[in-house]
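Welcome! Take a moment with the picture below, and then we will walk through it together.

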Amino acid sequence: MTERPGQDMPFLDHLEELRWRILWSLSGIAIGVAVAFFIVIHFDLLFLLQHPIEPLLGGHKLVYTHPGDPFSIVMSTSLWLGVTLAFPVVGYNVWRFVAPALYQHEKRIVLPLLIGAVVLFLCGVAMAYFIVIPLTLRFLLTFQVASLDPMITVQEYFSFIISLVVSFGVAFEMPIAVVLLTMLGLVTPSFLRKFRRHAAVLCFVLGAFLSPGDAITATVAMAVPLYVLYEMSVFLSYLVQRRRVRRAAADEEASAGAVA
């Protein structure tokens with residue numbers, strides 16, 4: 001017997017459900033931002049974020065040129081951290097909204113995809129903070145140091161750090177995106193293997209586009225993991241495609257048995 005998704009809902013009920021899911025998600029984000037603001041203030045998170053550049057400042061501190069810069073940095077950091085903390089709440093509400101329209105085998109894969117998305121995002125953030133940012137700063141702040149005296153503002157530094165961390169976190173979601181596209185039938189493993197060389201060039205282009213400034217080290221450090229993730233995506237796409245083929249064959253056998 002062919003597996004079927006949950007029962008249909010009236011259109012107005014869909015809108016009402018969507019409205020509540022959006023409200024719950026926004027509430028989760030608001031609570032996440034409030035918790036993040038408490039963490040930033042009481043656990044001195046800004047000091048932790050300054051750690052990569054601290055050894056390169058020669059005992060000096062970051063400077064700011066506008067009275068509102070410290071508050072603006074605290075709020076922007078709290079916003080990004082709050083959205084990250086609220087991701088499970090947002091993901092849960094998205095899941096509850098789309099779950100009635102999914103087949104049972106599709107429901108079983110949603111939770112692993114959500115967990116994988118969180119893990120990959122955190123891996124991207126960790127790589128940016130512990131590896132890429134220190135290498136990039138060391139390269140940039142030791143270039144032409146005999147001729148120039150660096151005076152780094154706190155606004156520019158935190159903008160640099162947050163953009164790099166978020167870019168790596170988002171870029172590491174590539175395998176999840178490929179799995180979803182394969183499930184929808186929009187890409188295939190053979191298609192991905194065919195365009196391997198194009199993907200290598202595209203990874204360097206994306207690395208240059210996503211990395212802030214003109215940091216060559218950040219571009220290379222992003223392009224190499226992106227291509228590794230692309231190869232991982234090819235393998236995951238193969239697994240998903242094989243599973244789809246097997247399920248289609250099983251459905252055909254079941255239909256033939258029912259007709260007989």
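Where does Asp44 lie? Asp44 sits in the loop that runs between α1 (11-42) and α2. Keep in mind as you look around that this is a predicted model.

## The overall plan

Now step back to the whole protein. It contains 10 helices and 0 strands.

How many of the 260 residues are buried, as a percentage? Buried residues make up 32% of the 260 residues. Contacts tell you about the fold too: among those with a separation of 6 or more, 85% join residues 24 or more positions apart.

## Two helices side by side

Here is a handy idea before we zoom in. Two packed helices are described by the angle between their axes and the distance between the axes.

On the α3 side, the contact is made by Asp69, Ser72, Ile73, Ser76, Thr77 and Trp80. On the α6 side, Val154, Gln155, Phe158, Ile162 and Val166 take part. Sorted by type, the residues of this contact divide into 6 nonpolar, 4 polar and 1 charged.

## The nonpolar core

In soluble globular proteins, nonpolar side chains tend to be buried together. In this model, the largest nonpolar core has 43 residues. Which of them touch the most other members? They are Leu46, Ile53, Tyr157, Phe158, Leu164 and Phe168. The elements that give two or more residues to this core are α2 (45-49), α3, α5 (104-141), α6, α7 (174-183), α9 (196-210) and α10 (216-259).

Let's visit two of these core members. Leaving aside neighbours within four places in sequence, Tyr157 is in contact with Leu49, Gln50, Pro52, Ile53, Leu62, Leu137 and Ile152. Phe168 belongs to helix α6, and it is buried, with a relative accessible area of 0%. Not counting residues up to four places away in sequence, Phe168 touches Gly124, Met127, Ala128, Val132, Ala218, Ala221 and Met222. From C-alpha to C-alpha, Phe168 and Val132 are 9.6 Å apart in space, and they are 36 residues apart in sequence.

## The loop between α2 and α3

Both Val63 and Thr65 are found in the loop between α2 and α3. Are they buried or exposed? Val63 counts as partly exposed, at 31% relative accessibility, while Thr65 is exposed, with a relative accessible area of 68%.

Val63 and Gln155 are 92 residues apart in sequence and 8.5 Å apart from C-alpha to C-alpha. For Thr65 and Val154, the separation is 89 residues in sequence and 8.7 Å in space, again C-alpha to C-alpha. Val63 touches Met151, Ile152, Thr153 and Val154, not counting residues up to four places away in sequence.

## A stop at Leu181

Leu181 is part of helix α7. At 34% relative accessibility, Leu181 counts as partly exposed. If residues up to four places away in sequence are not counted, Leu181 touches Leu186 and Val187. Leu181 and Ser237 are 56 residues apart in sequence, and their C-alpha atoms are 8.7 Å apart in space.

## Looking at the cysteines

A disulfide is a covalent bond between the sulfur atoms of two cysteines. How many disulfides does a search of the whole structure find? The search finds 0 disulfides.

Cys123 counts as partly exposed, at 38% relative accessibility. Cys203, at 4% relative accessibility, counts as buried, because buried means under 20% relative accessible area.

Technical notes:
Residues are numbered from 1 along each chain as its sequence is written. This is a predicted model: local features need pLDDT of at least 70, side-chain atom pairs count only at pLDDT 80 or more; totals for chains, interfaces and linings use all residues. Side-chain values use heavy atoms; hydrogens and water are left out. Contact means heavy atoms within 4.5 Å. Helices (H or I, at least four residues) and strands (E, at least two) are DSSP runs, numbered from the N terminus. Ala, Val, Leu, Ile, Met, Phe, Trp, Tyr, Cys and Pro count as nonpolar, Asp, Glu, Lys and Arg as charged, and the others, Gly among them, as polar. A nonpolar core is a set of buried Ala, Val, Leu, Ile, Met, Phe, Trp, Tyr and Cys residues joined through side-chain atoms within 4.5 Å. Buried means under 20% relative accessible area, exposed over 50%, partly exposed in between (1.4 Å probe, protein chains only). A disulfide is a pair of cysteine sulfur atoms within 2.5 Å.
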